[in-house]
Amino acid sequence: MFPQINNIFSPSPHFLFNKKRTAYQNVAGKYQDVLTLEQSVAELHQMFLDFALLTDQQGELLDQIEHQVKSAADYIEDANVDVHEAIEYQKKIRKKQCWIVIIVIIIVIIILFASGIIP
């Protein structure tokens, strides 16, 4: 019916090219952001794996430390018993030494009386 008339307000090919290039640059930028995010997630995953490994290794170390502490506590209890026994032996030895000294003094006095040194 009506012949087609070029509209003076229609976008020019140069404008459409710039618009497409801008859209492409936006998409390319978002793609780079996604790649960066993917790399960050992979690094975070590796960090968690490393953390799990360290935790496991330190758990074994803590178990060993706990075992050593329990062993030390047992040794200390045994040592306390031995110290109390030693104190009792020392008391008995002191009593025996006192009795020996008293007996020696009595024997010396008896010898002195028998020999006539003490009248």
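This note covers the surface patches and salt bridges of a predicted model.

1. Negative patch. A surface patch of negative charge is formed by Asp-74, Glu-77, Asp-78, Asp-82 and Glu-85. Asp-82 is a residue of helix α1. Its relative accessibility is 47%, so Asp-82 is classed as partly exposed.

2. Salt bridges in total. Side chains of opposite charge can pair when their charged atoms come close. With a cut-off of 4 Å between the side-chain nitrogen and the carboxyl oxygen, the count is 2 salt bridges.

3. Lys-70 and Glu-66. These two side chains form a salt bridge with an N to O distance of 3.6 Å. Both residues sit in helix α1 and are 4 residues apart, about one turn of the helix. Glu-66 counts as partly exposed because its relative accessibility is 42%.

4. Lys-91 and Glu-88. The other salt bridge joins Lys-91 to Glu-88, with 4.0 Å between the closest N and O atoms. Here the spacing within helix α1 is 3 residues, again about one turn of the helix. Lys-91, at 43% relative accessibility, is partly exposed, and Glu-88, at 42%, is also partly exposed.

How values were computed
Residues are numbered from 1 along each chain as its sequence is written. This is a predicted model: local features need pLDDT of at least 70, side-chain atom pairs count only at pLDDT 80 or more; totals for chains, interfaces and linings use all residues. Side-chain values use heavy atoms; hydrogens and water are left out. Patches are made of residues with over 30% relative accessible area and no salt bridge: like charges are joined within 9 Å, nonpolar side chains (Val, Leu, Ile, Met, Phe, Trp, Tyr) within 5 Å. Accessible areas come from the Shrake-Rupley method with a 1.4 Å probe; for residues, only the protein chains shown count as cover. Lys and Arg count as positive and Asp and Glu as negative; His and the chain ends are not counted. The place of a charge is taken as NZ of Lys, CZ of Arg, CG of Asp or CD of Glu. Helices (H or I, at least four residues) and strands (E, at least two) are DSSP runs, numbered from the N terminus. Buried means under 20% relative accessible area, exposed over 50%, partly exposed in between (1.4 Å probe, protein chains only).
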